[in-house]
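Subject: Structure handover

Hello,

Here is the structure for your files.

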Amino acid sequence: QVQLVESGGDLVQAGGSLRLSCVASGRIKSIDAMYWYRQAPGKQRELVTTITSGGSSNYIDSVKGRFTISRDNAKNTVALQMNSLKPEDTAVYYCAADVTMPNFSQNKYWGQGTQVTVTA
């Protein structure tokens, strides 16, 4: 199977920065799009940013100019650089990936999440 493992979540003051990382491993032939989602307490999970295998990315309006997604296709990793953090960025952050396995089956896989807490 396929596993995604995130790291980098922490407690930080408003205005600070964090860098989240996610590595995919297992039976992977290729990875198409990779994503970062977040879920704040009492709210639905939301898609924060997407990056294609070609490197094209998009962001929700609330993080534009502050967050940057990047990926290393050779290492099956995706990162999220978060700057100028705000208390409203507090959430559990999840990475996800559209994976094609060697048998050509395709599925979306999720990491377990990493907590980001931003204090005022």
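The notes below cover a disulfide, a strand residue and a loop residue.

This is a predicted model, in which local features need pLDDT of at least 70 and side-chain atom pairs count only at pLDDT 80 or more, while totals for chains, interfaces and linings use all residues. Residues are numbered from 1 along each chain as its sequence is written, and side-chain values use heavy atoms, with hydrogens and water left out.

Disulfide. Taking a disulfide as a pair of cysteine sulfur atoms within 2.5 Å, the count is one. Cys22 is joined to Cys95, S to S 1.9 Å, and the link is right-handed, with 45° about the S-S bond. Cys22 is in strand β3 (residues 18–26) and Cys95 in strand β9, so the pair ties together parts 73 residues apart in sequence. Strands here are DSSP runs of E, at least two residues, numbered from the N terminus. Cys22 counts as buried at 2% relative accessibility, and Cys95 is buried at 0% (buried: under 20% relative accessible area; exposed: over 50%; partly exposed in between; 1.4 Å probe, protein chains only).

Val99. Strand β9 also holds Val99, which is buried at 1% relative accessibility. Beyond neighbours within four places in sequence, its contacts include Val2, Ile28 and Tyr109 (contact: heavy atoms within 4.5 Å).

Asn103. Asn103 sits in the loop between β9 (91–100) and β10 (106–110) and is exposed at 55% relative accessibility.

Regards

Notes. Helix = DSSP H or I, 4+ residues; strand = E, 2+ residues; numbered from the N terminus.
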